[in-house]
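Hello,

Here is the structure for you to look over. My notes on its salt bridges follow below.

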Amino acid sequence: MSEVSRAGTWLLGEKSVSRMGYGTMQLAGPQVFGPPRDRNAAISVLRAALESGITHFDTSDFYGPHITNQIVREALSPYRDDVTLVTKIGVKRGEKGQWNRALTPEAINEAVHDNLRNLGLEVLDVVNLRLMFNPAKPVEGDITEPLEALIALKEQGLIRELGISNATLQQVTQARSMTEIVCVQNMYNLANRQDDAMIDLMAAENIAYVPFFPLGGFTPLQSAELDRVAAEHDATPKQVALAWLLQRSPNILLIPGTSSLAHLRENIASVNVELSDDAVAELDAIAG
């Protein structure tokens with residue numbers, strides 16, 4: 001039994017995935033733009049993640065752009081049957097790396113075909129519609145047009161499952177009224193708890209919740225409480241932050257990213273951290 005399996009699995013549509021997954025965002029160059037400094041190292045990290053038991057890989061063709069998906073293809077193709085690749089569309093990078101909204105039907109179609117080509121697939125396992133009404137946080141807005149475009153591509157057989165990202169509860173509800181949604185991907189971590197109610201609702205509906213920036217993103221999580229709990233559990237603060245997410249709800253799937261083998265192993269080892277009730281209560285108070 002692999003270490004990763006200690007965290008259990010969850011269904012994304014019809015496929016079971018490891019709750020401890022891997023996000024490819026950090027495999028591109030600085031600011032997720034351009035090539036990595038060491039392409040071979042990026043390939044090694046991906047292969048090590050697979051060998052560790054991880055079967056859930058989160059990626060996007062706007063990482064790089066194109067470069068990260070090409071690295072994923074080189075490292076993991078031909079893909080094992082138990083591997084699930086989850087990608088996202090809704091963004092097009094500018095010449096200087098800007099994160100521009102790309103939610104027209106034409107942009108949706110182009111992005112899906114870019115992902116297919118660069119990943120070397122005939123069908124995408126899961127595609128998240130990444131909303132860009134405000135790139136930094138969920139903001140209300142009508143999602144009908146881009147989601148209809150994705151539904152049409154799914155009906156053509158190019159996509160198996162759909163998800164939604166950077167979305168409000170109202171947008172998740174609208175999406176679910178139009179099609180089946182297998183996952184919601186929003187920012188959530190110890191210090192950013194705005195989706196607590198959504199996580200519980202999604203768990204009741206057997207829908208995966210996938211927190212991006214589980215370790216705080218570009219501003220790492222830091223607190224005296226986190227450091228204290230980590231010391232008590234003979235773990236690093238990052239491991240405790242990931243362990244807290246795993247214990248928060250069974251439908252939470254983790255996709256921490258790294259370009260370092262050492263950090264990959266550190267992240268995976270978080271599945272061995274069992275937080276006491278007192279520790280969880282102390283950590284819960286951080287967001288308060």
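Which side chain does Glu110 meet in a salt bridge? The partner is Lys92, at 3.4 Å from N to O. A salt bridge here is a side-chain nitrogen of Lys or Arg within 4 Å of a carboxyl oxygen of Asp or Glu. This pair links distant parts of the chain: Glu110 sits in helix H3 (residues 105-119) and Lys92 in strand E6 (residues 91-93), 18 residues apart. Helices (H or I, at least four residues) and strands (E, at least two) are DSSP runs, numbered from the N terminus. Glu110 is partly exposed at 39% relative accessibility, and Lys92 is partly exposed at 44%. (Buried is under 20% relative accessible area, exposed over 50%, partly exposed in between; 1.4 Å probe, protein chains only.)

Some background. This is a predicted model: local features need pLDDT of at least 70, side-chain atom pairs count only at pLDDT 80 or more, and totals for chains, interfaces and linings use all residues. Residues are numbered from 1 along each chain as its sequence is written, and side-chain values use heavy atoms, with hydrogens and water left out.

The search of the whole structure gave 13 salt bridges. Another one pairs Glu74 with Arg39, closest N and O atoms 3.0 Å apart. Glu74 is in helix H2 (residues 67-76) and Arg39 in helix H1 (residues 39-51), 35 residues apart. Glu74 is partly exposed at 40%; so is Arg39, at 33%.

Arg248 bridges to Asp200 at 3.1 Å between the closest N and O atoms. Arg248 lies in helix H8 (residues 237-248) and Asp200 in helix H6 (residues 196-204), so the pair ties together parts 48 residues apart in sequence. Shared partners join Arg193, Asp196, Asp200, Arg248 and Asp284 into one salt-bridge network.

Best wishes
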